[in-house]
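I wrote down what I looked for and then what I found.

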Amino acid sequence: SLTATVTLQLVTGKTYDLVFWAQADGAPYTFTPNGRTVAMNYGTAPANAENRDAFFHIENGLNITGPMDKSITLKRPFAQLNFVTADYNAAVASGIEATTTSVKVKNLKPTLSLVDGKATGTAAEVEFTTAARPTETMPINGTSYDYLAMNYLPIDDSGDVVECEMTAYDAANASDTRVLAVSNVPVQRNYRTNIYGNLLTSTTT
């Protein structure tokens, strides 16, 4: 719900394409005016990085006929992929305290076009490297789930289906891990995809 007032001096009788982009302080993105692209700069991108959040809007064909007052709503160019679990405390009681996580996602594109809003470039597997897990919780159907991982994926308006893998690392022994691989995960721009359940333990009878 943040707002800003942008004042532009535009020529009456001309038509403009306007691009709005908002990002957090310290965000890793690089805007290239020639070609109007934003590089995602994955590199060794850490997992669970809130500063990778951003919002945008493309206003094409704005015809200037005189003074104008126009409201613009910015939306995420990303799908948010969340792994949340209901058994975090049970896992801690059993000797596994997952304090850090990493996530791999196949077939992500490296740039975002601010001409048409599409993700562009050669798709490749991206690893969001090991970082502290988010400490928030998420309520789903009356149950509170602890976050294990949260990452932003550049996705076209039409949505996509991805393969992903989340690894949770024990605080006392980083080699003691829990790995969850999930295929055919639907993701959509400006929406959350939640993978949830008892992700750290299994019930044995």
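**Charge over a ring**

I began with the side chains and found the charged end of Arg133 over the ring of Tyr88, 3.9 Å from the ring centre; I count a charge as sitting over a ring if NZ of Lys or CZ of Arg is within 6 Å of the ring centre and within 35 degrees of the ring normal.

**What I am working from**

I am reading a predicted model, in which local features need pLDDT of at least 70 and side-chain atom pairs count only at pLDDT 80 or more, while totals for chains, interfaces and linings use all residues. I number residues from 1 along each chain as its sequence is written, and side-chain values use heavy atoms, with hydrogens and water left out.

**Aromatic pairs**

I took rings of Phe, Tyr and Trp (its six-membered ring) as paired if their centres lie within 6.5 Å, with planes under 30 degrees apart called stacked, over 60 edge-to-face and the rest tilted. By this rule I have five aromatic pairs.

For accessibility I use buried for under 20% relative accessible area, exposed for over 50% and partly exposed for in between (1.4 Å probe, protein chains only). Tyr42 is buried at 12%, and Phe128 is buried at 0%.

I next looked up Phe78 and Tyr152, whose ring centres are 6.0 Å apart with planes at 50°, so this pair is tilted. It too links distant parts of the chain, since Phe78 lies in strand S5 (residues 78-85) and Tyr152 in strand S11, 74 residues apart.

**Positive phi**

Which residues other than glycine did I find with a positive phi? Asn141 has a phi near 50°, and Asn184 has one of about 55°. Asn141 belongs to the loop between strand S10 (137-140) and strand S11 (143-154), whereas Asn184 is placed in strand S13 (residues 177-187). Asn141 is exposed at 74% relative accessibility, and Asn184 is exposed as well, at 61%.

**Ala124**

I then turned to Ala124, which lies in strand S9 and is partly exposed, with a relative accessible area of 38%. Leaving aside neighbours within four places in sequence, I find Ala124 in contact (heavy atoms within 4.5 Å) with Val105, Lys106, Asn107 and Leu108. Arg36 is 88 residues away along the chain, and its C-alpha atom is separated from that of Ala124 by 22 Å.

**An open sheet**

Last, I traced four strands that form an open sheet in the order S2-S3-S7-S8, with antiparallel pairing; I call two strands paired if DSSP finds at least two bridges between them. Strand S2 (30-32) and strand S8 (119-120) stand at the edges with a single partner strand each, so one side of each has no neighbour in the sheet. S2 and S3 pair in the antiparallel sense over three bridges, and Phe31 stands opposite Val38 in S3.

Notes:
Helices (H or I, at least four residues) and strands (E, at least two) are DSSP runs, numbered from the N terminus.
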